[in-house]
Amino acid sequence: MKPLDDQNSGASALDSDVQTKTEESRRALSGMFFAAMAMRKHKPTLAKKSLPLTILSGFLGSGKTTTLNHILNTPHGMKLAVLVNDFGRINIDSDLIESKTDEMISLTNGCACCAVSGDLTKTLMELTEKEDAPDAIIIEASGIAEPNGIAQVALVNPAIYLDGIITVLDAETLLTQVETEYTAGTISRQMQSADILLLNKLDIASSQTRTEVIEYLEKHYPKKAILESEYGKVPAAAILGISEPGKSIKIFPIGDKSHSDNFESISLTVTEALDRDKLNTFFDKLPTTVIRAKGILYISDSLNNRVTYQRVGTRWSFSNSGVWGNQDKLSNIVFISKKGELDRCKLEFDLMACCIKN
């Protein structure tokens with residue numbers, strides 16, 4: 001039997017965790033309520049669920065800002081709106097800055113960064129009402145924020161859909177943080193919310209620490225896709241996934257050999273109509289090493305309409321993308337994975353098995 005002091009300590013920690021979760025739930029519900037009220041008069045210029053939102057999460061010091069800065073400095077062809085908690089922390093290359101105001105910095109690559117100094121709902125409303133709307137939004141969450149709460153508030157806006165939650169982890173300190181009372185709960189919730197776990201700072205972590213951290217993540221979060229990085233350098237494709245949502249199935253090419261040698265993309269094309277039930281099984285059985293995937297599909301129970309397939313980590317979905325029109329009816333899918341982790345022949349064989357046989 002535990003000593004009384006230990007029992008009281010355990011009960012105290014449990015009570016504290018319950019109080020924290022209750023307070024987070026209250027704030028999330030409150031935020032959703034006020035967002036819903038604000039949206040009553042909102043008239044977005046964008047189509048429903050046409051603007052992808054990526055949430056960059058992670059505890060203090062994990063490397064979120066470094067990762068974000070890398071994305072902003074990488075050519076990717078997208079016009080991004082980036083919302084951050086404290087813009088002053090980002091050290092953007094001066095050659096990249098085109099113009100600056102109190103709330104906004106315009107960048108030469110087409111991105112725009114602004115500080116979330118006011119209400120998140122209002123900021124997102126303004127973005128979706130712009131005639132020159134962005135191609136995608138990134139929110140860098142506070143180091144102590146629970147990203148699901150941010151997503152729930154943001155998704156009240158009908159023009160926005162969640163492209164993914166990426167949680168950045170400090171490889172060197174993670175195992176200590178998950179054992180420390182005042183950090184464990186926050187970090188665990190951030191990891192649980194994630195579609196992709198980005199294991200960062202491997203440039204300073206020992207090989208033994210890396211092995212131990214990977215073993216921990218695979219044990220406690222076996223269904224999460226894991227990315228590894230140094231200095232926050234990963235391909236934009238792994239973080240953002242798609243370009244021109246609703247207009248193109250193209251996924252960013254895996255370029256920049258300096259940090260992308262560990263990734264590859266595989267593209268497949270099928271001209272026959274596909275069976276939805278067999279596709280569901282095919283997509284459910286894809287390994288967690290598939291980080292991102294996107295496709296426009298020709299499905300037998302929706303012959304006149306294009307069906308978009310999107311995947312981030314293990315979360316995936318179908319959505320209707322309108323009629324085919326004059327386009328050729330066929331399926332194109334692109335997968336991004338760790339290099340050497342996918343068998344192209346097996347992927348193609350399994351996908352072809354989903355075809356409707358005449």
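How many bridges join E1 to E6? Four bridges join the two strands, which run parallel. Strands pair if DSSP finds at least two bridges between them.

**Basis of the model**

This is a predicted model, in which local features need pLDDT of at least 70, side-chain atom pairs count only at pLDDT 80 or more, and totals for chains, interfaces and linings use all residues. Residues are numbered from 1 along each chain as its sequence is written, and side-chain values use heavy atoms, with hydrogens and water left out.

**Overall picture**

The protein has eleven helices and 14 strands. These are DSSP runs, numbered from the N terminus: helices are H or I with at least four residues, strands are E with at least two. Of the 358 residues, 47% are buried. Buried means under 20% relative accessible area, exposed means over 50%, and partly exposed lies in between (1.4 Å probe, protein chains only).

The accessible surface is about 18,100 Å². Carbon and sulfur atoms hold 50% of that surface. Areas come from the Shrake-Rupley method with a 1.4 Å probe; for residues, only the protein chains shown count as cover.

A contact means heavy atoms within 4.5 Å. Among contacts with a separation of 6 or more, 76% join residues 24 or more positions apart.

Strand E1 covers residues 51-58. Eight of its eight residues are buried, so the strand is largely enclosed by the rest of the structure. In a regular strand the side chains alternate between the two faces of the sheet. Here Leu-51, Leu-53, Ile-55 and Ser-57 point one way, while Pro-52, Thr-54, Leu-56 and Gly-58 point the other way. Both sets are buried.

E1 is joined to E7 by eight bridges, and these two strands run parallel. Ser-57 has Thr-167 as its bridge partner in E7. On the E6 side, Ile-55 has Ile-139 as its bridge partner.

**Nonpolar cores**

A nonpolar core is a set of buried Ala, Val, Leu, Ile, Met, Phe, Trp, Tyr and Cys residues joined through side-chain atoms within 4.5 Å. The largest one has 22 residues. Leu-80 and Ile-138 have the most contacts inside it. Elements giving two or more residues to this core include helix H2 (64-72), strand E2 (80-84), strand E6 (136-140) and strand E7 (160-170). Strand E8 (196-200), strand E9 (225-228) and helix H8 (236-240) also give two or more. A second, separate core has 21 residues, among them Val-290, Ile-299, Val-307 and Leu-351.

Helix H3 (residues 120-129) is another enclosed element. Seven of its ten residues are buried, so H3 is largely enclosed by the rest of the structure. The buried residues of H3 are Leu-120, Thr-121, Thr-123, Leu-124, Met-125, Leu-127 and Thr-128.

**Aromatic pairs**

Rings of Phe, Tyr and Trp (its six-membered ring) pair if their centres lie within 6.5 Å; planes under 30 degrees apart count as stacked, over 60 as edge-to-face, and the rest as tilted. The count comes to eight aromatic pairs. Two of them share Phe-283.

| Pair | Centre to centre | Angle between planes | Type |
|---|---|---|---|
| Phe-282 and Phe-283 | 5.3 Å | 50 degrees | tilted |
| Phe-283 and Phe-318 | 5.9 Å | 65 degrees | edge-to-face |

The pair of Phe-283 and Phe-318 links distant parts of the chain, 35 residues apart. Phe-283 is in helix H10 (residues 276-284), and Phe-318 is in strand E13 (residues 315-323). Phe-283 is buried, with a relative accessible area of 0%. Phe-318 is partly exposed at 22%. Ring pairs link Phe-282, Phe-283, Tyr-309, Trp-316 and Phe-318 into a cluster.

Phe-282 also lies in helix H10. Its relative accessible area is 7%, so Phe-282 is buried. Not counting residues up to four places away in sequence, Phe-282 touches Phe-335, Leu-347, Asp-350, Leu-351 and Cys-354. Phe-282 and Asp-350 are 68 residues apart in sequence, yet 7.0 Å apart in space, C-alpha to C-alpha.

**Positive phi angles**

Most residues other than glycine have a negative phi. Lys-49 has a positive phi, near 50 degrees. Lys-49 lies in the loop between helix H1 (4-39) and E1. Its relative accessible area is 57%, so Lys-49 is exposed. Tyr-231 also has a positive phi, near 60 degrees. Tyr-231 is placed in the loop between E9 and H8.
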